Amino acid sequence: MNSDPQPWYSTNLNLWQLAGVLVACWTIGKALTEGWRRTVGRRRYLTTRLRKIAPGVRHDYVESLLGEPKWQSTMECTRLLEKADEDRKVELTVRTWPLSRLGYLVTWSENDVVIMYGITTISWWFRLPVLIGQTRIRLGKTPFAALTDPEEHRAWLGNRRFGYLENHYFGNPDGYRSWYVGVNDIGYNAIPLSLDWFDDEDNSRTRLLPGRRDLYRASAPINTVVVSGIALYEELQDGSFFGTSLGVDQDLVRLADPEFHVLDSRISRAHRLIRDWRWRLNYRRWERKQRACTAGDRDERGLPS
């Protein structure tokens, strides 16, 4: 009688073989996970980590989520204190992280405690959902008109830089947080301003005319949001805290753009074409809105079009 045939597998698997199988499985799983994070899953991966950040967390905690920041600088602010004899000058550390060509994260820290943080989207694929008060917005898509009309706003327009921001505060139900939402000129779908939109009676030229501001709030999407805890600084009160950029500063991060990498000539040309195409698209949108606003003013005055 013939004996049973030998099975195709061996039960004499020693510990070294088992360890090799486990290491190979772990390596393959890690490679697949890292590939998912760098490709189709990078938006979800970044969104999950950004949701863990809040005013008052330690800087080391943010660094454990996103790694080391690419840019770091300091700024001096004046604290609002009740006692006049106390030292009011404080130094804040500003750190900036690139979010995998999808956006930027900026944190303002005092004594390595994050007091404010801001997120700017630079891609249509990174329209991050944010809950402001009871209103849910998407960066790069939701216009300012979705939020209540703020008491204060600030706008600026230079030779090549522009921006707009407004402040929202909802008190105790929102955890006493302040929300600064606006348009950053490096952000996605940044609609520019026009010089004749500013109020001539405002010497600082930081206020828009009421009709122009309503039109801008109804058409311009929010591409930047800055969340602040209880941060009592004079610069926040007079509007000089953010300078010419709400969130990330274009002049700081643009040198890392492929356009300025002389060794990446092909990438530079492709990136320049994409950027120019986006700028022309936004500029055409702005022209259409300006023509519509001008036609509305003529109708109100009874002038022929």
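Biologist: Which loop holds S100?
Modeller: This is a predicted model, where local features need pLDDT of at least 70, side-chain atom pairs count only at pLDDT 80 or more, and totals for chains, interfaces and linings use all residues. Residues are numbered from 1 along each chain as its sequence is written, and side-chain values use heavy atoms, with hydrogens and water left out. Strands are DSSP runs of E, at least two residues, and helices are runs of H or I, at least four, both numbered from the N terminus. S100 lies in the loop between β2 (89-98) and β3 (103-110).

Biologist: What is the phi of S100?
Modeller: Most residues other than glycine have a negative phi. S100 is not a glycine, yet its phi is positive, at about 55°.

Biologist: Is N111 buried or exposed?
Modeller: N111 sits in the loop between β3 and β4 (113-121). Its phi is also positive, near 55°. Buried means under 20% relative accessible area, exposed over 50%, and partly exposed in between (1.4 Å probe, protein chains only). N111 has a relative accessible area of 70%, so it is exposed.

Biologist: Is S178 buried or exposed?
Modeller: S178 belongs to strand β9 (residues 178-184). Leaving out residues up to four places away in sequence, S178 touches N167, H168, Y169, V226, V227 and S228; contact means heavy atoms within 4.5 Å. Its relative accessibility is 14%, so S178 counts as buried.

Biologist: Which residues make the nonpolar surface patch?
Modeller: Patch residues have over 30% relative accessible area and no salt bridge; nonpolar side chains (Val, Leu, Ile, Met, Phe, Trp, Tyr) are joined within 5 Å, like charges within 9 Å. A salt bridge is a side-chain nitrogen of Lys or Arg within 4 Å of a carboxyl oxygen of Asp or Glu. L232, in the loop between β10 (224-228) and α5 (234-238), is partly exposed at 44%. The patch covers about 520 Å² and is made by L80, Y169, Y176, I230 and L232.

Biologist: Which elements each supply at least two residues of the positive patch?
Modeller: R43, R44, R51, R127, R136, R138 and K141 gather in this patch on the surface. Among them, R44 lies in helix α2 and is exposed, with a relative accessible area of 61%. The elements are α2 (42-50) and β6 (135-138).

Biologist: What share of the residues counts as buried?
Modeller: The protein has 7 helices and 10 strands. Of its 305 residues, the buried share is 39%.

Notes: Accessible areas come from the Shrake-Rupley method with a 1.4 Å probe; for residues, only the protein chains shown count as cover. Lys and Arg count as positive and Asp and Glu as negative; His and the chain ends are not counted. The place of a charge is taken as NZ of Lys, CZ of Arg, CG of Asp or CD of Glu.
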